[in-house]
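Open the model in your viewer and keep the selection panel at hand. Here is a short tour, one selection at a time.

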Amino acid sequence: MNEFTAIKVLWKRELLRFVRAKSRIAGSLGMPLFFLLFLGTGLNSAFSGTTGNYMEFIAPGIIGMVLMFSSVANGLIVIMDRQFGFLKEILVAPVSRLSIVAGKIFGGATTSIFQAAIIMALMPFLGVSFNLSGMLAAFVFMVLISIAFVGLGIAIASKMEDMHGFQLVMNFLVMPLFFLSGALFPITNLPEWLKILTLIDPLTYGIDGMRGALTGSSAMPFWVDFGVLALFCTAMFALGAWLFTKKSTGN
Amino acid sequence: MEYAIETRNLTKKYGALTAVDALDLRIKRGEIFGLLGPNGAGKTTLISMLCTMLEPTSGNAKVNGFDISAEQSAVRKNIGIVFQDPSLDDELTAWENLDIHGELYGMQGGVKQAAIGDALKTVELYDKKDELVKHYSGGMKRRLEIARGLMHAPAVLFLDEPTIGLDPQTRRRIWDSVKKMNREKNVTVILTTHYIDEADALCGRVAIVDHGKIVACGAPSKLKKKGESLEEVFLRLTGSEIREEKGGSTQTMRARMRAWNK
C-alpha cells in the first residue's frame with residue numbers, strides 16, 4: 001500500500017516542480033512552435049502545387065518531437081537529484097526502487113503530455129485542426145511515446161556521472177531519432193538505406209500512429225504502429241527501472 | 001534487542017582501499033553517541049552502510065534489531081538521517097518537502113499534518129513553511145533537514161556533520177533540539193562532527209575512528225588524560241597530518257553549484 005503512495009507522491013512532485021518552472025515550460029514550447037510556424041509555413045508554400053497540406057503533415061511530427069525531447073530530458077532531473085542530494089532522501093525511505101522509478105516515469109510522462117497538449121491547443125491558430133475522436137486515439141500513442149522516452153532518459157541518466165554527458169546524448173541520439181522518425185517527411189519513397197534507418201527508429205511508429213489517428217493517412221497499419229511502440233515502451237520502462245536500481249544499489 | 005546499533009566485523013572495501021575495516025561497535029538504546037575522526041576515516045561510509053545506502057563488503061550489522069542486508073525496509077522505517085551534504089528539494093517549499101517525506105514514511109492525513117507542524121516548530125521554521133527552500137539560508141536548510149529527519153519519530157537518528165558551516169547560535173539551537181528529542185522520545189542519536197568540544201559536551205560516549213578502525217571508544221571523560229581536552233586526545237590518537245578525501249565528480253560539481261548559489 002505504501003508503494004502506491006510512494007508512486008503517487010513522486011508523481012506529484014514532478015508536477016509541482018513543473019508548474020513552478022514557468023520559464024522552462026515557455027522554453028520548451030519555443031522550438032516546436034518555430035518549427036511549425038516557419039518550417040511548416042515555408043515548405044507549405046514551396047510545395048503548394050502538390051496534393052496535401054504540409055502543415056497538417058508535420059503537426060503530428062511536432063507533437064512527437066515535443067514528447068520525445070521533454071521526456072528524455074527527465075533524465076536531467078534524475079542527474080540533478082543525484083547532484084543536489086535529493087535522491088538520497090528518496091533512496092533511504094522505506095519504499096522500493098521500482099516504485100521510485102515508476103513515480104518518476106509517470107510524473108515525467110504526465111508533464112510531457114501536458115506540454116504536447118499545449119502545442120496541440122495552439123495548432124488551430126496555425127490553421128491545423130483535428131477532430132476529437134482522432135485526438136483521443138492519438139492520446140494512446142502520446143502516452144506510450146512519453147513513457148518510453150522517460151524510461152530511456154532515466155536509463156541514460158543512470159549511466160552518466162554529470163549533466164555534460166547528457167547534452168551529448170541529446171545531440172547524438174535524440175536529434176537523429178527525431179530526423180529519422182518521418183516527422184518532417186514521408187517515409188514511403190525514401191532511398192533504401194534511409195528507409196531502413198527510419199524503420200529501426202521507434203519514434204517512427206509513434207508518429208505514424210498519431211498521424212493515422214489525426215489525419216487519417218499513415219504509412220503503416222494501426223496495429224503495427226501500436227504493437228511496435230507498446231513493445232518499445234515496455235522495454236524502455238524495464239531498462240530504466242533496471243539501470244536506476246542497479247545504479248542506486250550497486251556500489 | 002538491547003542495542004540500537006550492533007556491528008560485527010563490518011567491512012567496506014573500494015578496490016585496494018579499506019574504508020571501514022572489520023568494525024565492531026555496540027551502541028545502546030537512548031545513547032547520544034559521537035563518531036569522531038579525520039576526513040576520510042570512514043565515518044560516512046559506516047553511516048551509509050547502517051542506513052542501507054551501501055552494501056557491506058563483509059560482516060554484518062543490526063540497527064534497532066534489524067539486519068541491514070536482510071531487512072532493509074525495516075531498517076529504513078526505524079531510522080532518520082541528516083546527510084552530510086544537502087538533500088532537500090530546493091524548488092519546493094519547506095512544507096512540501098516534509099509532506100513528501102511524511103508520505104514516503106507512510107504517514108497520512110491529520111497525523112502527517114500534525115507531524116509536519118511539530119517538526120517545523122521544533123526547529124522554529126513554522127513561520128517560513130510556505131517559502132521555497134532555495135530562498136532559505138544555509139542554517140535554515142540545515143534545520144529543515146533535521147526537522148525532516150525527526151518527523152517520523154525514528155528510533156535511531158543519524159546526524160552526519162549536521163552543524164558544519166553554521167554559526168554558534170544555530171549550532172546551539174540544533175544541539176538543543178537533538179537533546180530534547182533524545183530526552184523526550186528516547187531517540188538514539190549517532191552523530192559525526194569536527195567540532196570536538198561539541199561532541200565532548202553532548203555525547204555520553206564517543207568513538208575515535210581512523211583508517212576504518214576504532215582507535216578509542218568510551219565516555220569523553222575516560223578517554224582524557226589529566227588536563228587534556230578531547231581535541232588533544234583526538235590529535236594524540238590520529239596524528240596531526242592533514243588527510244586528503246577523495247572526491248567524485250559529483251562532489252566537485254556540487255561544490256561548484258554551491259559556490260554559484262552564494
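**Stop 1: colour by confidence.** This is a predicted model. Select chain A and colour by pLDDT. The chain A average is 91, and 97% of its residues score at least 70. Now pick out helix H2 of chain A, residues 22-46: confidence in chain A is lowest here, at a mean of 86. Then go to helix H10 of chain A, residues 202-215, where the chain A confidence is highest, at 96.

**Stop 2: the interface.** Show both chains. On the A side, 23 residues are in contact with 28 residues of chain B. Which elements of chain A give two or more residues to this side? Select helix H1 (2-20), helix H4 (74-83) and helix H5 (86-91) of chain A. H1(A) supplies the largest share, eight residues. Colour the side of chain A that touches chain B by residue class: ten residues are nonpolar, five polar and eight charged.

**Stop 3: the core.** Next, the largest nonpolar core, which has 145 residues. Select Met68(A), Leu50(B), Ala147(B) and Phe158(B); these touch the most other members. Helix H7 of chain A, residues 132-158, gives this core its largest share, 14 residues. Zoom in on Ala147(B). Setting aside neighbours within four places in sequence, its contacts are Leu98(B), Ala119(B), Leu120(B), Thr122(B), Val123(B) and Leu125(B).

**Stop 4: the sheet.** Stay in chain B and switch to cartoon. Look for an open sheet of six strands with mixed pairing. Trace it in the order S6-S7-S8-S3-S9-S10. What are the edge strands? They are S6 (79-82) and S10 (213-218) of chain B, each pairing on one side only. From one strand to the next, the twist averages 15°.

Now select S3 (residues 32-36) and S8 (residues 188-192) of chain B. They pair in the parallel sense over four bridges. For one residue pair, show Ile32(B): its bridge partner in S8(B) is Val189(B).

**Stop 5: helices on the sheet.** H5(B) lies across S6 and S7 (156-160) of chain B, and runs at about 175° to S6(B). Finish with helix H9 of chain B, residues 230-238. H9(B) packs on the sheet and touches S3, S9 (205-210) and S10 of chain B. Its direction makes about 30° with that of S9(B).

Notes:
Residues are numbered from 1 along each chain as its sequence is written. Chains are lettered from A and ligands numbered from 1 in the order in which they are written. This is a predicted model: local features need pLDDT of at least 70, side-chain atom pairs count only at pLDDT 80 or more; totals for chains, interfaces and linings use all residues. Two residues are in contact if their C-beta atoms, placed from the backbone, lie within 7 Å. Ala, Val, Leu, Ile, Met, Phe, Trp, Tyr, Cys and Pro count as nonpolar, Asp, Glu, Lys and Arg as charged, and the others, Gly among them, as polar. A nonpolar core is a set of buried Ala, Val, Leu, Ile, Met, Phe, Trp, Tyr and Cys residues joined through C-beta atoms within 7 Å. A residue is buried if 20 or more other C-beta atoms lie within 10 Å of its own, exposed if 12 or fewer, and partly exposed in between; C-beta atoms are placed from the backbone. Two strands pair if DSSP finds at least two bridges between them. Axes are lines fitted to C-alpha atoms, for helices over the stretch in contact, and angles run from 0 to 180 degrees between N-to-C directions. pLDDT is the predictor's confidence in each residue, from 0 to 100.
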